[in-house]
Every structure is written in structure tokens, then in C-alpha cells.
Amino acid sequence: MNSEELLALLSAVGHAQRLRVIGELADGRLYVSELARRLEMSRPLLYMHLDRLEKAGLVAGRLELSEDGKALKYFELAPFELKLNVATVLAALQEDRSGPDDPNDLKGTRT
């Protein structure tokens, strides 16, 4: 993880509404309309928060068809562990210096 990815992750979890989204999805996947109702949030605002969480790799969305043919967008949590310490910051800065072609790159690993 480089510093840009670390900042995106921290920014994603650094908002009260996005923490609420993570809390609702902790019990399992939900479709957007149901999630919006539970959070008492408009769907456009919820999509903005889900987009940030998805870009940070914390949630994943998938479009599915219901039995009556309606398209429903479901979101679920991606497995993650957030650990922030000096070593995490230094590793992100080292990733910036080494670039994406580093054979020791552990893309997709959250520490």
C-alpha cells in the first residue's frame, strides 16, 4: 500500500456516515434502497459514501436481478483489518519510493 492508498483508506473510514454504513453491512449484504432506509439517508448521498468505501477496498457492490426482474445493487463488506502505526506509514512511504513494479509488493493486503 502506498501513501495515496493509505490516505484513501483513512479518508474512507474518517467520516461518521461511512462508519454507519460499515456498521450496517457488518451483519451481511444489503441492497442500496434498504441500506438507505436503515440509515435514513438519500440514495444519491449513500452512493457517494459507498463509492468512497468501494475505492478504498472496504466494500464491494454487485448488481443482481430480483425474482420480479428488478435490478438491485447489493453491497457487502470486504474483509479488512485496519492497523495504523509508524510501521504502516513508513511502509506506505517506502512503497511510494519503490514504485508499483516492486516484486515485494503486496497489493490487496490491508495492514
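The secondary structure of the chain comprises 5 helices and 3 strands, where helices (H or I, at least four residues) and strands (E, at least two) are DSSP runs numbered from the N terminus. Along the sequence these elements follow the pattern α-α-β-α-α-β-β-α. The model is a predicted one, in which local features need pLDDT of at least 70 and side-chain atom pairs count only at pLDDT 80 or more, whereas totals for chains, interfaces and linings use all residues. Residues are numbered from 1 along each chain as its sequence is written, and side-chain values use heavy atoms, with hydrogens and water left out.

Of the 111 residues in the chain, 28% are buried; buried means under 20% relative accessible area, exposed over 50%, and partly exposed in between (1.4 Å probe, protein chains only). Among the contacts with a separation of 6 or more, 53% are accounted for by residues 24 or more positions apart, contact being defined as heavy atoms within 4.5 Å.

Helix α2 (residues 16–25) packs with helix α3 (residues 32–39) at an angle of about 115 degrees, the axes lying 11 Å apart. The axes are lines fitted to C-alpha atoms, for helices over the stretch in contact, and angles run from 0 to 180 degrees between N-to-C directions. The crossing of α2 and α3 is right-handed; a crossing is left-handed if the near helix is turned anticlockwise from the far one by less than a right angle, and right-handed if clockwise. On the α2 side, R20, V21, E24 and L25 meet L35, R38 and L39 of α3. The residues of this contact divide into 4 nonpolar, no polar and 3 charged, with Ala, Val, Leu, Ile, Met, Phe, Trp, Tyr, Cys and Pro counted as nonpolar, Asp, Glu, Lys and Arg as charged, and the others, Gly among them, as polar. In the loop between α3 and α4 (43–55) lies E40, which has a positive phi of about 50 degrees although it is not a glycine. E40 is exposed, its relative accessible area being 77%.

The structure holds 1 aromatic pair. This pair, formed by Y31 and Y74, is edge-to-face, with 5.8 Å centre to centre and 70 degrees between the planes; rings of Phe, Tyr and Trp (its six-membered ring) pair if their centres lie within 6.5 Å, and planes under 30 degrees apart count as stacked, over 60 as edge-to-face and the rest as tilted. Because Y31 lies in strand β1 (residues 30–31) and Y74 in strand β3 (residues 71–77), the pair ties together parts that are 43 residues apart in sequence. Y31 is partly exposed at 25% relative accessibility, whereas Y74, at 18%, is buried.

D96, in helix α5 (residues 86–98), is partly exposed with a relative accessible area of 35%. R52, in helix α4, is partly exposed at 36% relative accessibility.
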